[in-house]
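Subject: Structure handover

Hello,

Here is the structure for you to look over. My notes on what turned up in it follow below.

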Amino acid sequence: MIQKKICLLGAFAVGKTSLVARFVKSIYSDQYLTTVGVKVDKKTVTADKQEINLIVWDLAGEDEFQKVQMSYLRGASGYLLVADGTRRSTLETARMLQKRVTQSIGMLPFIFIINKNDLVTEWETDDDTIIEFENQGWSVVKASAKTGDGVEAAFRSIAEKMIGSNYSASSPHSGEEAE
Amino acid sequence: MSDSPLRIVPNKPPESAQPAGSDAAQNEPKQDEMAELRSLLIEPEQIQIKNILERLNNPRVRAREMSRSLPEAIRQRTARDESLKEALTPTIVTAFHNSVKKDPRPVAEAISPLMGPAIRRAISNALNGLIQTLDQTLKHSLSWRGLKWRLEASRTGKSFAEVVLYHTLIYRIEQVFLIDKQSGLLLQHIASGSVSPKDADIVSGMLTAIQEAIRHFAHDSFGAHHDEPIEKIDLGDREVWFEPGSYAVLAVVIRGNAPESLRRDLFAPTIEGIHLEMHETLESFDGDTAPFDVVRPHLENCLHAQYHAHSDPAKFKTPAYVWLSLSLILAVISIWTFLSWREQRRWNNYIDELKSTSGIVVIETGRRDGKHYVAGLRDPLSVSPHDILLQRTQLDPNSVRSRWDLYQTLDPQFVLERAKNLLKPPQGVELKIDNGMLVAGGRAPHQWIVDSRKLAPAIPGVGGYLNQELIDEEMNEIETVGRQIEQHVIRFVMGTTQLVPGQNQELSNLISETQKFIFLAPTVSRRARIQIVGHTDSEGGEDINMRLSQERASRMLSLMASRAIQRDLMTAIGVGTREPLRAESSEPERQFNRSASFKVSLIDQPQEGDRR
């Protein structure tokens with residue numbers, strides 16, 4: 001079976017862990033995130049007619065005190081970038097994280113997930129912003145940890161991107177978008 | 001390539017191909033020249049072309065040609081890209097399917113040398129794990145130390161096997177991970193048979209993450225280099241050893257204390273061997289772990305364990321004391337079983353004996369306070385159960401508790417026995433039970449007869465008392481004496497109250513018999529009464545005779561009284577001639593009527609007040 005390492009990153013408290021909690025097979029508790037800074041889970045998806053084992057590295061959220069360790073991304077074939085639709089700053093963090101990943105690891109396929117779609121009335125994110133991201137070539141998925149909407153789709157998309165992609169950690173490209 | 005054989009068109013200019021009509025004759029010598037020239041110029045090429053055509057058009061030759069270049073062609077094509085592989089795959093798969101469908105034997109035969117060892121290896125690994133645990137567990141189940149460990153197991157909630165392993169194991173390699181260094185993805189994993197591993201893919205990722213975290217920590221805290229390899233993570237009773245190669249790292253989970261030499265002698269050669277064998281696959285690894293199935297034997301080679309010298313299952317021999325104890329236990333059990341069986345048999349015999357004994361009713365049997373127990377009813381006249389226990393069984397009387405309530409059985413045999421015990425019949429008396437009645441026969445003293453009449457009806461089980469056939473000894477004797485007295489006739493001289501001489505003996509007998517009669521009367525609770533009857537013969541007047549007879553009787557009474565016969569027991573009456581003793585047909589007979597005769601009787605004992 002094909003195995004792919006993907007990382008889950010975003011600003012602090014955007015709900016990364018809750019977002020995937022019920023979609024992945026997990027043998028470790030969430031405490032690992034605060035103690036080790038990373039928690040590894042597994043998710044099997046079917047993309048391009050083949051089963052792929054996604055080994056999901058859930059990285060501790062980034063805030064002003066703690067930076068996401070880029071070394072955790074080594075060997076990853078893609079990543080899920082998560083932001084909180086109700087907090088505009090987290091979108092900026094995501095943008096910054098994406099830049100950092102590209103700088104330190106190289107161009108990798110990624111999906112940008114804007115979480116808390118169930119609280120859309122409280123969103124500080126308007127459609128223009130999203131279009132702006134999409135115009136930069138980002139694949140944006142609105143999702144909800146509460147309802148589970150969009151999560152499965154995000155996993156499938158990243159898997160498809162990775163299978164179809166020529167990018168990999170071992171042959172980094174730069175300056176180009178994955179799309 | 002076209003299917004039609006190739007044709008070659010003669011290499012002539014177009015104009016010369018056309019016949020020239022009238023110029024023909026003129027052209028002929030030219031043509032010959034041309035042909036000659038041509039043959040001179042291009043004949044070798046023509047021959048070559050002909051040969052080529054022949055090679056191309058002859059499939060046999062073509063095949064031979066192609067067979068020469070095919071291997072090289074395949075090599076080149078395969079090196080260039082995957083298209084040959086992709087083109088061939090469906091054909092090969094279909095051919096394989098068809099071959100198996102048609103006759104699976106050739107395929108089976110071809111792969112059996114591979115499958116056999118692989119299956120054997122898998123089974124032996126699984127069995128080894130099981131046997132190790134079993135051996136250790138069995139070995140230590142019986143010893144003193146084993147008991148201690150069992151206690152520990154119950155205290156800590158671990159399984160006994162686990163505790164045994166913990167104490168006897170020096171080390172055991174439980175799991176081996178081959179991990180892609182870059183991504184932390186699991187390339188291959190094996191676990192010892194007795195270990196149930198968690199999801200190895202996730203563990204592999206986490207192991208890599210933790211190494212990364214430690215490296216960060218080491219860098220931040222001690223300024224260690226970022227790429228400093230982690231050699232070992234110590235987790236108490238387990239350690240995870242890492243043996244890095246250029247592309248992959250070996251992570252080995254070890255329980256116990258493994259010697260450092262393992263790294264040099266086993267793990268380093270293993271990771272090097274894998275890199276040597278799989279260098280290109282490792283270098284170009286992009287998530288496909290299937291090719292790494294072939295490194296399993298390398299990893300399996302790492303799975304082993306070492307026990308304390310005296311605990312090595314392979315060297316384990318059951319110690320003599322275990323056998324001795326086992327034999328002893330067995331012997332004790334056998335003896336105990338035999339003794340219990342024998343004891344039970346004796347007990348059953350005792351109970352059977354009790355049940356078959358008259359006058360004993362067994363109501364309850366069983367065991368109480370570790371002793372045999374029997375309860376029931378018994379007639380006091382029955383054989384004592386205790387005697388049966390002592391005399392007819394080999395049971396230890398101390399091992400038996402009994403409770404007997406007394407009762408009286410109506411069994412005729414017991415009723416008779418009871419009657420005999422109570423009545424104590426003298427010799428000569430025979431008692432029997434007939435139809436529920438107690439029947440007495442034979443001879444008995446008067447007093448016993450009197451007493452038995454009172455007692456017998458009160459004896460339990462006696463429906464009535466029949467004693468008509470019983471002879472009263474005293475009464476019998478008294479009656480005999482009475483009859484003897486009444487035989488006596490004392491004669492008188494005619495017309496007088498003088499005794500005819502020569503009757504002294506008669507008189508003496510009369511007196512002694514009368515004394516005896518009087519003496520015997522109280523023995524039958526009576527008083528004797530003797531009536532002296534005076535008689536006369538028929539001569540003389542009635543009045544005189546009456547008076548004379550009276551006087552004779554009185555004279556006789558006085559005579560007897562003078563011979564110590566109580567006077568008040570005697571009466572004297574004269575009957576004259578009214579009760580003659582003989583018919584008086586002759587003188588001797590008449591003389592008989594001049595006499596006194598005697599009648600005896602017994603009267604009830606007088607009451608106290610009747611005494612005079």
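**A buried strand in chain B**

Strand β2 of chain B, residues 186–191, is mostly covered, with six of its six residues buried. Keep in mind that this is a predicted model. The partner of β2(B) is strand β1 of chain B, residues 169–180. The two run antiparallel and are joined by five bridges. One pair to look at is B:Gln175, which stands opposite B:Ala191 in β2(B). β1(B) and β2(B) form a hairpin with five residues between the strands. In that hairpin, B:Gly184 has a positive phi near 75°.

**Chain A**

Chain A has 179 residues, of which 47% count as buried. Its secondary structure consists of five helices and six strands. Read from the N terminus, the elements go β-α-α-β-β-β-α-β-α-β-α. Take the contacts in chain A between residues at least 6 apart in sequence: 73% of them join residues at least 24 apart.

The six strands make an open sheet. Its order is β2-β3-β1-β4-β5-β6 (chain A), and the pairing is mixed.

β2(A) pairs with strand β3 of chain A, residues 50–59, in the antiparallel sense over 10 bridges. Within that pairing, A:Lys39 has A:Asp58 in β3(A) as its bridge partner. Helix α3 of chain A, residues 88–104, packs on the sheet. It touches β1 (2–10), β4 (78–84) and β5 (110–115) of chain A. The direction of α3(A) makes about 160° with that of β4(A).

**Where the chains meet**

The contact takes 26 residues from chain A and 21 residues from chain B. Which element gives the most to the chain B side? Helix α8 of chain B, residues 200–222, does, with nine residues. By class, the side of chain B that touches chain A has seven nonpolar, seven polar and seven charged residues. α8(B) lies across β1, β2 and β3 of chain A. Its run is at about 140° to β2(A).

**Chain B overall**

Chain B has 612 residues, and buried residues make up 24% of them. There are 18 helices and 17 strands. For contacts in chain B between residues at least 6 apart in sequence, 63% join residues at least 24 apart.

**Two helix pairs in chain B**

Start with helix α11, residues 320–355, and helix α12, residues 385–392, both of chain B. Their axes come within 10 Å and cross at roughly 135°. That makes α11(B) oblique to α12(B). The crossing of α11(B) and α12(B) is right-handed. On the α11(B) side, the contact is made by B:Tyr350, B:Glu353 and B:Leu354. On the α12(B) side are B:Pro385, B:Ile388, B:Leu389 and B:Arg392. The residues of this contact divide into five nonpolar, no polar and two charged.

The second pair is helix α15, residues 473–487, and helix α16, residues 504–520, of chain B. Here the axes come within 9 Å and cross at roughly 150°. α15(B) and α16(B) are therefore roughly antiparallel to each other. Their crossing is left-handed. Residues of α15(B) in the contact include B:Ile478, B:Val481 and B:Ile485. Among those they meet in α16(B) are B:Leu510, B:Phe517 and B:Leu520. By class, the contact of α15(B) with α16(B) has six nonpolar, three polar and four charged residues.

**Two positive phi values to check**

Most residues other than glycine have a negative phi. B:Asp369 has a positive one, near 50°. This residue is in the loop between β7 (360–368) and β8 (371–378) of chain B. Is B:Asp369 buried or exposed? It counts as exposed, because it has 6 C-beta neighbours inside 10 Å.

B:Glu584 also has a positive phi, near 60°. Its place is in the loop between β16 (570–574) and α18 (587–593) of chain B. B:Glu584 has 17 C-beta neighbours inside 10 Å, so it counts as partly exposed.

Best wishes

How values were computed:
Residues numbered from 1 in each chain as written. Chains lettered and ligands numbered in written order. Predicted model: local features only at pLDDT ≥ 70, side-chain atom pairs only at ≥ 80, totals over all residues. Axes fitted to C-alpha atoms, helices over the stretch in contact; angles between N-to-C directions. Helix = DSSP H or I, 4+ residues; strand = E, 2+ residues; numbered from the N terminus. Parallel < 35°, antiparallel > 145°, perpendicular 65-115°, else oblique. Left-handed = near helix turned anticlockwise from the far one by under 90°. Contact = placed C-beta atoms within 7 Å. Nonpolar A, V, L, I, M, F, W, Y, C, P; charged D, E, K, R; others polar. Buried ≥ 20, exposed ≤ 12 C-beta atoms within 10 Å, placed from the backbone. Pairing = 2+ DSSP bridges.
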